[in-house]
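Below is a short briefing on one structure, arranged by topic for a reader who has the sequence and the coordinates at hand. Please read it alongside the display.

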Amino acid sequence: MLGEFTQLLGYSAHSLKPKLEALGQKSFRANQLLQWLHQRGCSDFEVMTDLAKSLRSSLSTRYPIATPVILKDHVASDATRKWLFDVGAGNGVECVFIPERRRGTLCVSTQVGCALACSFCATGAQGFNRNLTAGEIIAQVWLARSLLLDSTSASAIRLPDRSGADSFQGADDLADLVDTDEDVTTVKPISNVVFMGMGEPLQNYEATLEALQILLSDHAYGLSRRRVTVSTSGVVPMIDRLAQDCPVALAVSLHAPDDLLRDRLVPLNRKYPLDQLMGACEGYLKHAPRDFITFEYTMIKGVNDRLDQAEALVSLLSRIPSKLNLIPFNPFPGSNLQRSDASQIRRFAERLLSAGITATIRKTRGEDIDAACGQLAGEVINITKKRPSMDPRRLS
Ligand code: SF4
């Protein structure tokens, strides 16, 4: 995306220190450099005047800035903004900004494509190409922040009224997330980051971990662990590792209440079935910054939206403090699946609520700009494999 400069964006203080020492610099310079890069969004080493001239010169030689290539930049009628960033070889990754009155959530990608092939997912239908580096993950935040702070862009993200108080994946009830009355969408555009774009973050663990450390660093983005969410389809051993290494908020792509159906919707379930996944979630809660796990459940007509399936969900989640996001399926080309009817989604939610489970129906954002994960990239990506379109009868 940005060549060597991208690499530099992906170094946490821990990684930067030895590199600076190798250049004959004191390790504390790492924090200064992080501040310049991430807090001030600076890409010109010459203006970093509190760094020694010799260091500035070495940095310019080693990490020359290259112009980022943005393949697409779309703003939806509801102010959701979606970029497609060039990652070389004809591929792009998506990054989506969802402004709301009191927070701005950036959804980042961690892989080019995805190997896990969930049957309702546009990214999964494209196959796996490669992992992103930590620099390529953080570059999405870095670029989005600078584009949003740009005076022209800033007007595009202001919300005149209450358009969009509904929850977005993993970004939970407004009251839980907002620390002040400040309207963050106009002064600090990115208040929350969710790892829910293209790819499975826990299958690109080291890069995801380094990116998390940069997001949480007081010298970089300074986000609290509650404001950063990693979403996984259920890579059980890595959930356990994340709990030890960097327990941020956790979201789990569930989508089915039993193994039989989940094996088909989320093929990873065949390796880590629901009892193992639920066990990992219970273990994670001992370390998590929130006292619940967010579960995402895509509502697919005639596949997983029956009321007896809502009952099964209640029983599955009975031992885990949870919030459930019901996500109306976002159709994409090549998929024969259909979105559940609004009335059925409401009935499903009511059944959960009456059993004491917090369930929200996610408002669909950015529909006019193909905001379903992977849809925009699917238009340009060098597709490594294509699966035939899905038949809902094989899933029920
Ligand atoms: S839902 Fe997530 S894990 Fe599944 S195929 Fe799509 S990107 Fe991959």
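This is a predicted model: local features need pLDDT of at least 70, side-chain atom pairs count only at pLDDT 80 or more; totals for chains, interfaces and linings use all residues.

**Charges over rings and aromatic pairs**

Lys 19 lies over the face of Tyr 11, at a distance of 4.7 Å from the ring centre.

*Rings and charges*

- A charge also sits over the ring of Trp 36, where the charged end of Arg 40 is placed 3.9 Å from the ring centre.
- The structure holds six aromatic pairs; in one of them the rings of Phe 5 and Phe 45 have their centres 6.3 Å apart and their planes at 65 degrees, so this pair counts as edge-to-face.
- Phe 5 belongs to helix α1 (residues 4-9), whereas Phe 45 lies in the loop between α3 (29-39) and α4 (53-62), so the pair ties together parts that are 40 residues apart in sequence.
- Phe 5 and Phe 45 are both buried, and together with Trp 142 they form one aromatic cluster.
- Tyr 11 and Tyr 63 form another edge-to-face pair, with 6.4 Å from centre to centre and 75 degrees between the planes.
- Because Tyr 11 lies in the loop between α1 and α2 (13-22) and Tyr 63 in the loop between α4 and β1 (70-75), this pair ties together parts that are 52 residues apart in sequence; both Tyr 11 and Tyr 63 are buried.

*Helix α10 and its cover*

- In helix α10 (residues 236-245), the buried residues are Val 236, Met 238, Ile 239, Leu 242 and Ala 243.
- Seen down the axis of α10, these buried residues fall within an arc of 160 degrees, and they therefore line one face of the helix.

- Ala 117, in the loop between β5 (111-113) and β6 (128-131), has a phi near 55 degrees, which is a positive value in a residue other than glycine.
- With a relative accessibility of 14%, Ala 117 falls under the 20% cut-off and so counts as buried.
- His 255 is placed in the loop between β9 and α11 (259-265), and its phi, near 70 degrees, is likewise positive in a residue other than glycine.
- His 255 is buried as well, with a relative accessible area of 3%.

*The sheet and the helices packed on it*

- Ten strands make up an open sheet with mixed pairing, in the order β1-β2-β3-β4-β7-β8-β9-β10-β11-β12.
- At the edges of this sheet are β1 and β12 (358-361), each of which pairs on one side only, and the twist from one strand to the next averages 20 degrees.
- Strands β3 (residues 92-100) and β4 (residues 103-107) run antiparallel and are joined by five bridges; Glu 100 has Arg 103 in β4 as its bridge partner.
- Helix α9 lies across β7 (192-195) and β8, and it runs at about 175 degrees to β7.
- Helix α14 (residues 342-354) also packs on the sheet, where it touches β10 (293-299), β11 (322-328) and β12, and its direction makes about 165 degrees with that of β12.

Conventions
Residues are numbered from 1 along each chain as its sequence is written. Side-chain values use heavy atoms; hydrogens and water are left out. Rings of Phe, Tyr and Trp (its six-membered ring) pair if their centres lie within 6.5 Å; planes under 30 degrees apart count as stacked, over 60 as edge-to-face and the rest as tilted. Helices (H or I, at least four residues) and strands (E, at least two) are DSSP runs, numbered from the N terminus. Buried means under 20% relative accessible area, exposed over 50%, partly exposed in between (1.4 Å probe, protein chains only). A charge sits over a ring if NZ of Lys or CZ of Arg is within 6 Å of the ring centre and within 35 degrees of the ring normal. The arc is that of the directions from the helix axis to the C-beta atoms. Two strands pair if DSSP finds at least two bridges between them. Axes are lines fitted to C-alpha atoms, for helices over the stretch in contact, and angles run from 0 to 180 degrees between N-to-C directions. Contact means heavy atoms within 4.5 Å.
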